[in-house]
Amino acid sequence: CLQPGAAPADAVRSGKPLPEFVETTPATQAFIDALGFPFTLSWPKSTTGRQPDVVFAAASKAERAAWTSAIAEAIHLVNNAFRPGSQRVAGYLMKRSGRKTGKPGKWLKRWFVLQASPADRIDYFKKEAEAAANGRPKGQIALLPAAEAYVPSEGIVPPQAFPFAFSVRTRMHNGSTQTVALAAADAKEQGMWLDALRYCLEENNRRPARNGVI
């Protein structure tokens, strides 16, 4: 969404999508001034170079702000509709045991399921058939706010044994942290999981801010 005129000095930019302000010619400015409280919906340039715009006019400044904020949020959702994390992700990964004891254990093959965002956890099963039958997960990995998905250093996971490893670190409600070491079969699979997890965590971190909860 584009709002005519220069951005006010006190304009606030945050993680939430907000309208952008664009400079206008005097003639165009005179036209939109007559509309009261205008705002513009603009699309990317087409292959012909033409930029189609639609100008709207609200009844008040507050109404315009409400419309532009709502449309900007809708555009954000549409643009991210097909990003990794917007779809369910599932597959076999290697998982290092010992998370509960704090001592690194052996690596086990498990079937992992990350539901479409928003999701607050990853479920894992011994076998794919258990997940397909809606069985009880073998375990879960919490995706609480401030969690992160990353590629660990070589000292944490031996690259010779697991060259496509990644980790999920999450801060629990009691303030402690838990780190789960995982490994994919190849670089493509590793990238798929990291993209999906990071998108999910990004959305989880946006939701508390959007709802006014710290």
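Tutor: Let us start with pairing: two strands pair if DSSP finds at least two bridges between them. The model is a predicted one. In it, alanine 149 stands opposite valine 168 in S10, and glutamate 148 stands opposite arginine 169 in S10.

Student: What makes strand S9 and S10 a pair?

Tutor: Strand S9 (residues 148-150) and S10 are joined by three bridges in the antiparallel sense. The rule asks for at least two bridges, so the two strands pair.

Student: How do you know that S10 and strand S11 pair?

Tutor: Seven bridges link S10 to strand S11 (residues 177-183), again in the antiparallel sense. At least two are required, so this is a pair as well. Within it, alanine 165 stands opposite alanine 183 in S11. The hairpin of S10 and S11 has five residues between the strands, and glycine 175 there takes a positive phi near 95°.

Student: Why is strand S10 called largely enclosed?

Tutor: Strand S10 covers residues 165-171, and five of its seven residues are buried, so the rest of the structure largely encloses it. Buried here means under 20% relative accessible area.

Student: What makes S8 and S9 edge strands?

Tutor: The open sheet has seven strands in the order S8-S7-S6-S5-S11-S10-S9, with antiparallel pairing. Strand S8 (139-142) and S9 each have a single partner strand, so one side of each is left without a neighbour in the sheet. Direction ignored, neighbouring strands of this sheet are turned by 35° against each other on average.

Student: Why is the pair of phenylalanine 39 and phenylalanine 56 called stacked?

Tutor: Four aromatic pairs are counted, and this is one of them. Its ring centres are 5.2 Å apart and its planes stand at 20°. The limits are 6.5 Å for the centres and under 30 degrees for stacked planes, so the pair meets both. Phenylalanine 39 belongs to strand S3 (residues 37-42) and phenylalanine 56 to strand S4 (residues 53-58), so the pair ties together parts that are 17 residues apart in sequence.

Student: Are these two residues buried or exposed?

Tutor: Phenylalanine 39 has a relative accessible area of 4%, which is under 20%, so it is buried. Phenylalanine 56, at 34% relative accessibility, falls between 20% and 50% and therefore counts as partly exposed.

Student: How do you know that lysine 109 lies over the face of tyrosine 92?

Tutor: Lysine 109 is 4.7 Å from the ring centre of tyrosine 92 and lies over its face.

Student: Which elements have the lowest and the highest mean pLDDT?

Tutor: Strand S1 (residues 2-4) has the lowest, 48, and strand S6 (residues 107-114) the highest, 94. For the protein, the mean pLDDT is 75, and 65% of its residues reach 70 or more.

Notes. Residues are numbered from 1 along each chain as its sequence is written. This is a predicted model: local features need pLDDT of at least 70, side-chain atom pairs count only at pLDDT 80 or more; totals for chains, interfaces and linings use all residues. Side-chain values use heavy atoms; hydrogens and water are left out. Rings of Phe, Tyr and Trp (its six-membered ring) pair if their centres lie within 6.5 Å; planes under 30 degrees apart count as stacked, over 60 as edge-to-face and the rest as tilted. Helices (H or I, at least four residues) and strands (E, at least two) are DSSP runs, numbered from the N terminus. Buried means under 20% relative accessible area, exposed over 50%, partly exposed in between (1.4 Å probe, protein chains only). A charge sits over a ring if NZ of Lys or CZ of Arg is within 6 Å of the ring centre and within 35 degrees of the ring normal. Axes are lines fitted to C-alpha atoms, for helices over the stretch in contact, and angles run from 0 to 180 degrees between N-to-C directions. pLDDT is the predictor's confidence in each residue, from 0 to 100.
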